[in-house]
Amino acid sequence: MPPPPADVDPRSGYCAATKTFHSIRPPVPLPPPELPLSFPSFTFSLLPAEHPSRPALIDAATGESVPYPTFLSRVSALAATLRARLGVARGDVAFVLAPPGVHVPVLYFALMAVGAVVSPANPALTAGEISGLVALSGPSVAFAVKATAGKLPPGLNTVLLDSAQFLSFLHEPRGEDGTAAGADVVIHQSDTAAILYSSGTTGRAKAVALTHRNLIASNATRAGLATEVLMIAVPIFHIYGFTFCLRLAPSANTLVLHTARRFDSSAVLAAVGRFGVTRLALAPPALLAIVRAAEKDETLIARAATLQVVNCGGAPMATGLFWRFSHKFPDVCLLQGYGLTETTSGFCRAVGEEESAQIGSVGRLSWGAEVKIVHPESEVALPPCMPGELWVRGPFVMKGYAGDKESTSKILDSEGWLRTGDLCYIDKDGIVFVVDRLKELIKYKGYQIPPAELESLLQTHPDIDEAAVVPYPDDQAGELPAAFIVRRSGSNLHEAQIKEFVAKQVVHYKQIHHVFFVNSIPKNAAGKILRKDLTKLALQHARSKL
C-alpha cells in the first residue's frame, strides 16, 4: 500500500486536497500483489515454526478439540484428496451447505489451498432459495450434511461432511515426496478465493467474489496480536463468521464454535468459562439475549470471568443495548465494527477501551482503507463531521459480483471506489459513525429521517426490548415514522406513552405516528432487521384503513 499523502490531518486522517479520509492506524506490511500466493499459504507462514499443541478448534456443544498439528495435517490431507479423488481444480466453485462444526474451517482452508472457490450458504434456506444461489455461483461440487443434502439441486456432485467417506479424507497420506498438497498449484492473489452471498434484504441476493488478496489484506491487520481464545456465535456462512473462521492464524488462536441449533445465552456463557474464552463474536440479537439472561440471573455473569472483549457486528447495535451490557459486564470491552460482504467484512473497527467508549461509533478506518463521504445527490466529497454516503477503496474491496457486470458497475467504479449505500460521517478524531442505510431513510415532507436513530432512542426506554422503525405511507407527508415494538416482559406499555417518550426528545418531523406491538422483530441470520417485511405490514395496515 502506498503511504497516504503528506498533507493528511494526523488527527482525523482527512486530506483537504483530495477530500479523502485515510487510516491513521499503524502501517501493515502486505506481500507484493504480483507474488503468487494463496490465503492459506500466507496465513500459515505466519504461524510459529513449532506449531503449538494448543487447540485450534473446539466444538462448544460436544467439547471435541482439534489440536494445531492435527488441524494442519487435516487441511493438508483434505486438500490432497480434493485434487486426487474428487478432481477439484483451481477455479472450481465448491458450494458449502452445512451447520457450524470443526470440519467446516478445515474444509474452507483446504479448498482455498488448492485454488478452489469456497461458497458457503445458509443451511436453513429452502430448496428453491438454494437453487437460486447455485445458479449464481455455478459450483461443480457441494459439501453438505445428511440433513441439508436434500435441498441441493439434483445432479450436483455432493460430499457429506457427516459421512465415513469424508472422515477418511481427513487422514489421507501426503504425497510420496512428503510435500504439502497444493504446493505445485500456482495461485495468484487476484484469483477468486470465496463467493459469499449478500443478504438480499434490500433486493435480490448477489454472489460476492472475494480474492485471496482480499482475505490476505483483511487478515493481515491482525498479525502480531496476542493469542486469543475466540468464540464464534454468529453464522459461519456469513462474512462476519466466515472471516472469524480464518483468524486461527497468524496468532495461533483457538476457535470455539457455537454449534447448537439455537442460540442459548446460558450455554454460551457456560462455554466461555469452560474453555477460557477471551473474545466473543456476536450479532446484536444474541447480545440482547445475553443481557436479558444476565439481568434475570446475575450468577451467569461469573461464568464469563475470562471474557475480555465482545465483538458485536453484522447489524447496527442500539445505544441502550450498549449501556445495558456495560452495566452487567463492566470489565468486558464491547467493540463494534463496520463493513460489508463486498469489503471482506469490517474495514472500520473500534480498538481498545478509548474507542469503545465512543458510543454509537464503529471505530476508526483499518490500515489500507481510503474513504470519501459523498453528498448523495451532488456527489461532492464532504469534510469531517458532514454526513453523506460512504465510498471506500482498498485491497479488501471485492473483485465484483460473479456473473453480474451490470450490478458490479453500479456499486464499484473504474477507480476502485465502492459505494456502500450507507449514510455516515467521520468526526475530527477519525471516528466513523454510521447513520443509516440511504435507501431506508424515511422521507417526510422533504426531511430525511434515519430509522436507526429512532430505534436507538426507543430502546433506551426501560419497557422496550426491541424496536424497528419503518415508513408509513401518508398522502400529505409522503411517509411517516411507524414503530414496531417488542415490550419488556411484564410491561403494559401502550402507544400513547411511546409517542410521548419520543416526542419529548426529537424535532417535530421525527415523531412516531403509528405503533405496532409485536412478539419479535424479523431479522436475517446476521441480525439485520428485515425492514422490507415490516414495511409490507405497515403498508397492508394503511390499505386496510382506506
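**Strands, sheets and overall fold**

In strand β14, Val 310 is the bridge partner of Leu 280. Strands here, like helices, are DSSP runs numbered from the N terminus (E over at least two residues for strands, H or I over at least four for helices). The model is a predicted one, so local features need pLDDT of at least 70 and side-chain atom pairs count only at pLDDT 80 or more, while totals for chains, interfaces and linings use all residues. Numbering starts from 1 along each chain as its sequence is written, and side-chain values rest on heavy atoms, with hydrogens and water left out.

To get from β14 to β15, the chain passes through helix α11 (residues 319–328), giving a right-handed β-α-β crossover (with the strands pointing away from the viewer, the path from the first strand over the helix to the second runs clockwise). As for cover, β14 (residues 309–312) has it on both faces: Val 309 and Asn 311 are buried on one side, Val 310 and Cys 312 on the other. Buried means under 20% relative accessible area, exposed over 50%, and partly exposed lies in between (1.4 Å probe, protein chains only).

Zooming out, these strands sit in an open sheet of nine, ordered β4-β3-β12-β11-β13-β14-β15-β16-β17, with mixed pairing (two strands pair if DSSP finds at least two bridges between them). Its edges are β4 (65–67) and β17 (364–365), each pairing on one side only. Further along the sheet, three bridges link strand β3 (residues 55–59) and strand β12 (residues 254–257) in parallel, and Ile 58 stands opposite Val 256 of β12. Lying across β3 and β4 is helix α2 (residues 68–84), which runs at about 85° to β4; axes are lines fitted to C-alpha atoms, for helices over the stretch in contact, and angles run from 0 to 180 degrees between N-to-C directions.

Another open sheet has six strands in the order β1-β2-β18-β19-β21-β22, with antiparallel pairing. Strands β1 (14–15) and β22 (432–437) form its edges, each pairing on one side only. Five bridges tie strand β21 (residues 418–426) to β22 in antiparallel fashion, and Cys 424 has Val 434 of β22 as its bridge partner.

Ala 193 is part of strand β9 (residues 192–197). This residue is buried, at a relative accessible area of 0%. Beyond neighbours within four places in sequence, Ala 193 is in contact with Met 112, Ala 116, Val 117, Val 118, Leu 210, Thr 211, His 212 and Leu 215, contact being heavy atoms within 4.5 Å. Val 159 is 34 residues away from Ala 193 in sequence and 20 Å away in space, C-alpha to C-alpha.

For the chain as a whole, the tally is 16 helices and 27 strands. The radius of gyration is 24 Å, close to the 24 Å that the globule rule gives for 546 residues, so the chain is as compact as a globular protein of that length; the radius is taken over C-alpha atoms, and the rule is 2.2 Å times the number of residues to the power 0.38. Along its principal axes, the C-alpha trace spans about 75 × 55 × 50 Å. Of the 546 residues, 56% are buried. Among contacts between residues at least 6 apart in sequence, 68% join residues at least 24 apart.
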